[in-house]
Amino acid sequence: MTAWIAFSVNGRAVDVEVNPMRRLADVLRDDLGLTGTKIGCNAGDCGACTVRLNGRQVCACLVPVAQAAGADVRTIEGLAAVEGLAAVEGHEGHDRHEGPLEVTDLAALQRAFLEIGAAQCGICTPGMLMAADDTLARHPRPTPAELADGLGGVLCRCTGYRKIAEAVAAASGGASVAAETAAVAVGADVGARLPKVDGIGRVTGVTQFGADERPSDGLAVRAVRSPHARARFTIGDLDQFRAAHPGLVRFLVAADIPGQNRYGIYPTGKDQPVLAEGEVRHRGEAVCALVGEEAILEVIDDAELPIAWQPLEPLADIETATAPGAPDLHDHAPGNVLVTGRLARGDIEAGFALGPDGPAATAAVEVETTFLEHAAIEPEAGWARRVGDRLELTVSTQAPYMDRDEVALILGIAPDRVRIVPTACGGGFGGKLDLGVHGLVATAAWLVGRPVRAVWTRPESMAASPKRHPARIRASAAADAEGRLTAFRFHGDFDTGAYASWGPTVANRVPVHAMGPYAVPAVLATTRAIHTNNPPAGAFRGFGVPQAAIAHEALMDDLATQLGIDPLELRHRNALRSGSVTASGQVLRASAGLAACLDALRPRWARLRAEVEAWNAGAAGRDEPSRRGVGIGAMWYGIGNTSMTNPSTIEMGLDRGGAVTLYSGAVDIGQGASTVLVQIAADALGVPAATVRLVSGDTDRTRDAGKSSASRQTFVSGNAARLAGEDLRRQLLRLAEVGDEAAIELGDGRVRLTEPGGPPVDIDLVELPTTATAAGDAWVLLGRGFYDPATTPLDADGQGVPYETYAFGAQVAVVEVDLELGTTRVHRIVAAHDVGRAINPTQVEGQIHGGIAQGLGLALMEAYVPGRTENLHDYLIPTIGDAPEIETILIEDPEPAGPYGAKGVGEPALVPTAPAILGAIHAATGARITRLPATPDRVLAALRALPDRRPPARRR
Amino acid sequence: MASYFRPAASQLGEALEALALGVAEGRPRVVVAGATDHYPARVGRAIDEDVLDVSGLAGLRTIDKVNGGWWIGAGTTWTDLVERPLPACFDGLKRAARAVGGLQVQNRGTLAGNVCNASPAADGIPNLMALQASVRLRSVRGERDVPVGEFVTGNRTTRREPDELVTGLVVPDPAAAGHGLVATSTFRKLGARAYLVISIAMVAAVVVRDAQGRITSARLAVGACSPVARRLPGLEAELAGRPLRPGVGGLVRAEHLAPLSPIDDVRGTAEYRRGAALVLVRRALEDLAT
């Protein structure tokens, strides 16, 4: 049934004829076109859809639209000072000029979010802003507790919440936000705290994400997924079923895939079917798909479909999969070993050998981690259409060019017949580096000839998307009496799940990093990626390095205790420095700033340890059940792909109107890549960043700048952007016949170049021949930059140059552990990271804050269990109340090969957090947690297992 | 095609008739108020049940002092409760209200809905049991009151008949038994994160003391450690007559938690839950003694 429901949205009267039980969020988005309200879970778990209903914040996904009758609804579109925001037409949400909006149009809250950097990917931002709006309405000057209570119902996966809290506080009391962004001098954009170039759309809800575009005359495709981890299946008479369901246009089964029914990250070894062929290898694998009207697909119950299942005993974990007699899941992986990794250097046996010349201390540890879910607040979404003999796919992604090539293989057409148009990406973290909706929407649109859309539900996203690899690690280390590491041994088994995905990357990257950021003369590090009937494990911020860091940092703490050396000092003595030789045999020439990070942390480390000691003494005296501790973690991380070519090409065009456009194939996934690349290119050309337009990610309008992964966009694409800007500058100078020092001034239809002390030279652009592309771009001059990091292949012992440069960092954590309940609260993190050069300190801090929040989740609460935690109330990620205070220290030890000295920071920020927290729990209690996450029950069990059952702090 | 009925403020009778008719026609209606438990159970599924939406029954959204106690209408939201000045015996329930989901859910979800949803981890149920609250059910057949502890029969099952509507909760005044009695209450919830968290274990306590500070009655209930929250009668008996002062938590012994039957799940082991419940009970009593 439908009914007419009348209410007010942002002061405008609306009247809609809908099912009265339709979710208000769906009515706002689908019936009223107000797509600023986002849907992350449809279960009230994430708060992305927060709107104000009669003044109060509510989840619009939990409100029957009939209950909005007569009510006043306020959405993100009503927050800005300008009217009719939703009516903005023709904007390109993922480009930088999104229509008529200017900073001055924004509400104080929105300006604060923009200028302070409180929005990263932007998917939670509308909900967060509406929650903040409600909070400030009731608490004009909120206390920190009131602020956290007010925002506690909205999850953010990017920011670590600190800049959000800062922005809301800054906008409170009706104060207008601090200051206009200071004018930046030409050539000084690098290093400036510029607001995100795509930020206004994110704080106004205008930016279009994967689920926000709904083509007219479109259909939907929905996968039918396996409820079994391992099973054979047969599909019965689908034609009969289809005939009984009007609106169901067709089914897709494996045989319908036009090209090859295989995809995967690596050019060889593609092993994952778009639709399973008679056997499924993990729960959530797609076996067939329904194409039809969206409303029809919603009401079809999968249990009604004629699918006969024959469940098989699944290989549930590494042990089962490697046990003698275990069936092979793939022909390419005998014994279910997908790939192994190895690094060997020096005499490992001698390094551990006891005796008068042997090490003064040895330590060993075993670490076990679990599947982790990216939990981007935006589920996978996109749509495709056939345009003549080409396929256009508009999708949320981290890797448009890889997507293009994969979709071409699936459709059996040449890559240049596929166009990928990335939408804004509402959180990636590696989760959108594999195909999501791509294969099925492309195939359906190709075969049916109409636009086809798919938006995964949260449970579907969690069941079908790749995960972080669970790791089983055994590691040991030895050190001499001065604390210098003499040997390090490491073996890690990684559960790579049912398909290869990024398993080889993890197996190859981990051995290089296994010993941590230290100079060790003898290393043996081995890894295996093992197939099981678990979800495919893919890329997740750090590619196995965060798991390995838990082991090497536990060993460093243990050695420090045995040797009586301060844990920070022990790390400092062993830190890789300029001139050090890595375990891969690579000589670090420059930009190895770990020692500087540790030096910056040293006074805080000492002060925090003293404070905690005093606090614990007081707590013991008062017989309080809590103890505090301070821990430290250090890391290094190679920027870009491991020993593999991973080039970026970026172009910068000048059109006859005098406008400069950066054509960048690098997608911004919230981390700020677009802003950073614009800043770099602007400085290289010599124009203000504010004048540079951006075209991002569209494979018809840009060139391949690789994936937004491996922390590579600032370093690799940044270099390409710098070279593009320099190339365009060179062409302009040559045209004007002026010297290198000339200043460039863009005008309307002309460019003026002025040498210091010289007369201005004008170039009339209108006179120059224009190059126009089929995609509608045009330029009179085009600069191009290409960069591929200088690496070499690794030999059988892992020796070579796997990366051109490395990021370094260290973090100190202060935690409080409840000794009776086992709960852990992280009070504070001090993070020092060597980023080479901070192109945009606000964005860098944002990456560090967000990495810390994810590292905290890894340490304390996140655990994905297939079939059990496929939602955001059983799979826990940190809320604003869990986010610690963070002090960020940026160390800039410039990388000569980096753009203006810059390296990368996206993944590095996460790596040391869990080791620091686990070290702090150990310091507080004497218990070393090595099976993650350190949930209250595990912490308490570890406390009970201590030899004297009393933590050291209580003995005072 | 599913039907939807949202009676207006004056249409309680029509609501009851709709429920009765639904039962008679073999299509019992799903009752929806704040809908905060309704939609999460239907993610990715068609929403096609016949619905009775009681959110328009404005008369049910009240908290009133009545003879011998309080009446909490079925439309009362968590936020309504938090913002309403009430005596100290409701402090525990208010603490629970602030611990339900986020503000978005507190602004919409109702106490009565929490009871009817009957989750083992329902934040409101231990408090209502400690308050000895009853559920008032009405139907075209009549009206009855059922104590909350008897109303909830298992994991997501209750004694509500399909034609019955919960119209509210009746909370007797814990201090009504005599002059000079003071009732206080508290609530402790243990979860693995700060907000939006499902309890690993939780404890509600209502303690009545006399003018000399002696406990005249204590009622404690533990949630998320059994299919239905459980009172701790052994402990309650032991506390009666004792002075309410710091150290009272020391009276709590493991055997007092015998009514619990915790399970292992992703949030914690059974053994952990039992131990945590013991700690929470002790701390709840200490809260009230200081």
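In this predicted model, helix α18 of chain A meets helix α19 of chain A through Ala673(A), Val676(A), Leu677(A), Ile680(A), Ala681(A), Ala682(A), Ala684(A) and Leu685(A), whose partners in α19(A) are Gln713(A), Thr714(A), Ser717(A), Gly718(A), Ala721(A), Arg722(A), Ala724(A), Gly725(A), Glu726(A), Leu728(A) and Arg729(A). By class, this contact is made up of 11 nonpolar, five polar and three charged residues.

Two packed helices are described by the angle between their axes and the distance between the axes.

| Helix pair | Residues | Axes come within | Crossing angle |
|---|---|---|---|
| α18(A) and α19(A) | 673-685 and 713-736 | 7 Å | roughly 30 degrees |
| α11(A) and α12(A) | 400-411 and 438-448 | 10 Å | roughly 50 degrees |

Angles under 35 degrees count as roughly parallel, and α18(A) and α19(A) are therefore roughly parallel to each other. The helices α11(A) and α12(A), by their angle, are therefore oblique to each other. The crossing of α18(A) with α19(A) is right-handed, and the crossing of α11(A) and α12(A) is right-handed. In the pair α11(A) and α12(A), Asp403(A), Glu406(A), Val407(A), Ile410(A) and Leu411(A) meet His438(A), Gly439(A), Ala442(A), Thr443(A) and Trp446(A). That contact has five nonpolar, three polar and two charged residues.

Apart from neighbours within four places in sequence, Ala681(A) is in contact with Met652(A), Leu662(A), Val692(A), Ala721(A), Arg722(A), Ala724(A) and Gly725(A). The largest nonpolar core has 408 residues, and those touching the most other members are Val441(A), Leu594(A), Ala681(A), Ile917(A), Ile921(A), Val115(B) and Ala277(B). In soluble globular proteins, nonpolar side chains tend to be buried together.

Helix α1 of chain A, residues 24-31, has Leu24(A), Ala25(A), Val27(A), Leu28(A) and Arg29(A) as its buried residues. Strand β2 (12-18) of chain A is included in what covers them. Gly33(A), with a positive phi near 70 degrees, follows α1(A).

The two chains also touch each other: 40 residues of chain B are in contact with 49 residues of chain A. On the side of chain B that touches chain A, β3 (51-53), α4 (103-106) and α9 (270-289) each supply at least two residues. The most come from α9(B), which gives four residues. By class, this side of chain B has 24 nonpolar, 11 polar and five charged residues.

Lys94(B) lies in helix α3 (residues 91-99) of chain B. Is this lysine buried or exposed? Lys94(B) is buried, because 20 other C-beta atoms lie within 10 Å, and 20 or more count as buried. Beyond its neighbours within four places in sequence, Lys94(B) is in contact with Leu81(B) and Val82(B).

Ala118(B) belongs to the loop between α5 (111-117) and α6 (125-130) and is buried, with 22 other C-beta atoms within 10 Å. Ala224(B) belongs to the loop between β13 (215-223) and β14 (230-231) and is buried, with 30 other C-beta atoms within 10 Å.

Finally, the peptide bond from Leu932(A) to Pro933(A) is cis, with omega near -5 degrees. Pro933(A) stands in the loop between α21 (913-925) and α22 (936-944) of chain A.

How values were computed:
Residues are numbered from 1 along each chain as its sequence is written. Chains are lettered from A and ligands numbered from 1 in the order in which they are written. This is a predicted model: local features need pLDDT of at least 70, side-chain atom pairs count only at pLDDT 80 or more; totals for chains, interfaces and linings use all residues. A nonpolar core is a set of buried Ala, Val, Leu, Ile, Met, Phe, Trp, Tyr and Cys residues joined through C-beta atoms within 7 Å. A residue is buried if 20 or more other C-beta atoms lie within 10 Å of its own, exposed if 12 or fewer, and partly exposed in between; C-beta atoms are placed from the backbone. Two residues are in contact if their C-beta atoms, placed from the backbone, lie within 7 Å. Axes are lines fitted to C-alpha atoms, for helices over the stretch in contact, and angles run from 0 to 180 degrees between N-to-C directions. Angles under 35 degrees count as roughly parallel, over 145 as roughly antiparallel, 65 to 115 as roughly perpendicular and the rest as oblique. A crossing is left-handed if the near helix is turned anticlockwise from the far one by less than a right angle, and right-handed if clockwise. Ala, Val, Leu, Ile, Met, Phe, Trp, Tyr, Cys and Pro count as nonpolar, Asp, Glu, Lys and Arg as charged, and the others, Gly among them, as polar.
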